[in-house]
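Subject: Structure handover

Hello,

Here is the structure we talked about.

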Amino acid sequence: MLAKSVHYSRTTITELMIPAYANFGGKIHGGILLSLMDKVAYACASKHAGTYVVTVSVEGVNFLQPIEVGQLVSLHASINYVGRSSMVVGIRVIAEDVRTGVQKHTNTSYFTMVAKDDEGKPTEVPPLTLETKEDTRRFLEAIKRRELKAAYAGEFDNEKTRLKVDENLHLLKNERCIVSDDAKNS
């Protein structure tokens, strides 16, 4: 299987934000943005894989700045990492006010996509050729994110197992919650 470069599958989708995309606060609804991000992740990953792909996880969806109706939103996607059948697609979202030309970075997220064969089973993807220092840095960051995610998941599972409500009620003292007597005694 021949390797493909990051540049080969790099994908950008640009879309005008229309009033139908706005939430009750007048800003672009987060669900609209997530849908567009999933679309660009699919386009990028399927181009690299040369086959159908599915989304298996999304990391780092932080809405850094609101997006307004009338702005052009560009979603820049590239393959940051490949495993046997999985790919991590990095997505950078930029909103542009077409009247002023001012651009703002609104999101960076990572979508893990898995390539599927005609029977719906995971299938091998081409290796990734890292042509620049930036490509290499992103690949290494994806490895580090995977390691940290696995460590966190294991540690959190251990904490859930060890957590004793009675011994930790003091942690709720300055929180915005009221613990009923039934909750304390059940």
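A salt bridge here is a side-chain nitrogen of Lys or Arg within 4 Å of a carboxyl oxygen of Asp or Glu. By that rule the structure holds eight salt bridges. Keep in mind that this is a predicted model.

**The sheet**

Start with the strands. Five of them form an open sheet in the order E2-E4-E5-E6-E3, and the pairing is antiparallel. Strand E2 (11-16) and strand E3 (52-59) are at the edges. Each has a single partner strand, so one side of each has no neighbour in the sheet. On average, neighbouring strands are turned by 30° against each other, direction ignored.

Strand E5 (residues 86-96) and strand E6 (residues 103-116) pair over 11 bridges, in the antiparallel sense. In this part of the sheet, Glu96 stands opposite Gln103 in E6.

**The helices**

Two helices lie across strands of the sheet. Helix H2 (residues 30-49) lies across E2, E3, strand E4 (72-82), E5 and E6. Its direction is at about 45° to E4. Helix H3 (residues 133-162) lies across E3, E4, E5 and E6, and runs at about 80° to E4.

The buried residues of H3 are Asp135, Phe139 and Ala142. Their cover includes helix H1 (6-9), E4 and strand E7 (128-129).

**The salt bridges**

Asp135 comes up again here. Arg10 forms a salt bridge with Asp135, with the closest N and O atoms 3.9 Å apart. This pair links distant parts of the chain: Arg10 is in the loop between H1 and E2, Asp135 is in helix H3, and they are 125 residues apart. Arg10 is partly exposed, at 40% relative accessible area. Asp135 is buried, at 7%.

Lys27 and Glu68 also meet in a salt bridge, at 2.9 Å from N to O. They too link distant parts of the chain, 41 residues apart: Lys27 in the loop between E2 and H2, Glu68 in the loop between E3 and E4. Lys27 is partly exposed at 31%, and Glu68 is partly exposed at 26%.

Arg99 forms a salt bridge with Asp97, at 3.1 Å between the closest N and O atoms. Arg99 is exposed, at 73%, whereas Asp97 is buried, at 16%.

Finally, a network of salt bridges links Glu134, Arg137, Arg138 and Glu141.

Best wishes

Methods:
Residues are numbered from 1 along each chain as its sequence is written. This is a predicted model: local features need pLDDT of at least 70, side-chain atom pairs count only at pLDDT 80 or more; totals for chains, interfaces and linings use all residues. Side-chain values use heavy atoms; hydrogens and water are left out. Two strands pair if DSSP finds at least two bridges between them. Helices (H or I, at least four residues) and strands (E, at least two) are DSSP runs, numbered from the N terminus. Axes are lines fitted to C-alpha atoms, for helices over the stretch in contact, and angles run from 0 to 180 degrees between N-to-C directions. Contact means heavy atoms within 4.5 Å. Buried means under 20% relative accessible area, exposed over 50%, partly exposed in between (1.4 Å probe, protein chains only).
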